[in-house]
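My notes follow the model itself.

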Amino acid sequence: MNQQTKLKVYILDTSVIMSGKPINLDTNMVTTSSVSKEFSPGGKDYRNFQFLIEKGLKIQDPTKESMKQIKDISTKTGDKERLSQADKEILALALDVNKDDEAIILTDDYSIQNVAQELKIKFEPVSKRGITKKFKWTYQCRGCGKKFKENINTCPICGSSIKYTISHRENIKRM
């Protein structure tokens, strides 16, 4: 299928549904069951979610293969600890959709945007400006400054606590 005939599919993150901002209802919308579980009956957010379902929002879960790819990429970017299960599923679903159609993630979550940028998945913020830099995150000791790839509570060298910090930043051009 060539680029001109690809269908645009908007993948909705929880933050977009909760924002209450208008969404073009004449589009193909999809989200994951993990996102749907974030809305308990009653309240404005739940009503917004139910309204979107009535207007055609579909619920679809990503493949295991795509989930593994998101785990690997989010580890590489350092966003793994910053992403919820629902966030990872949104990204993985975008990978699945991109196989046949054009996925566009609607999200205000900067970590989702950061990983999407790494994967060259299109995204659009709804309430916020959106990212302008791509980050790689790491863990660093507050005392001696030693950097670690994995999250640990205490530095084995000096005993200080560990903080999450940016190890690399790069300006991006939005797709």
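**Contacts along the chain.** I began with contacts, meaning heavy atoms within 4.5 Å. In the protein, 59% of the contacts with a separation of 6 or more join residues 24 or more positions apart.

**Ground rules.** I am working with a predicted model, where local features need pLDDT of at least 70, side-chain atom pairs count only at pLDDT 80 or more, and totals for chains, interfaces and linings use all residues. Residues are numbered from 1 along each chain as its sequence is written, and side-chain values use heavy atoms, with hydrogens and water left out.

**Layout.** I find 6 helices and 8 strands, taken as DSSP runs numbered from the N terminus (helices H or I, at least four residues; strands E, at least two). Their order along the sequence is β-α-β-α-α-β-α-α-β-α-β-β-β-β.

**Burial.** The protein has 175 residues, and 42% of them count as buried (under 20% relative accessible area, 1.4 Å probe, protein chains only).

**Gln-140.** Is Gln-140 buried or exposed? I count Gln-140 as buried because its relative accessibility is 18%. Gln-140 sits in strand E6 (residues 133–141). Beyond its neighbours within four places in sequence, Gln-140 touches Gly-145, Lys-146, Lys-147, Ser-161, Ile-162, Lys-163 and Thr-165.

**H4 and H5.** I then turned to where helix H4 (residues 64–77) meets helix H5 (residues 85–98). From H4, the residues in contact are Ser-66, Met-67, Gln-69 and Ile-70. From H5, they include Leu-91, Ala-92 and Leu-95.

How values were computed:
Buried means under 20% relative accessible area, exposed over 50%, partly exposed in between (1.4 Å probe, protein chains only). Axes are lines fitted to C-alpha atoms, for helices over the stretch in contact, and angles run from 0 to 180 degrees between N-to-C directions.
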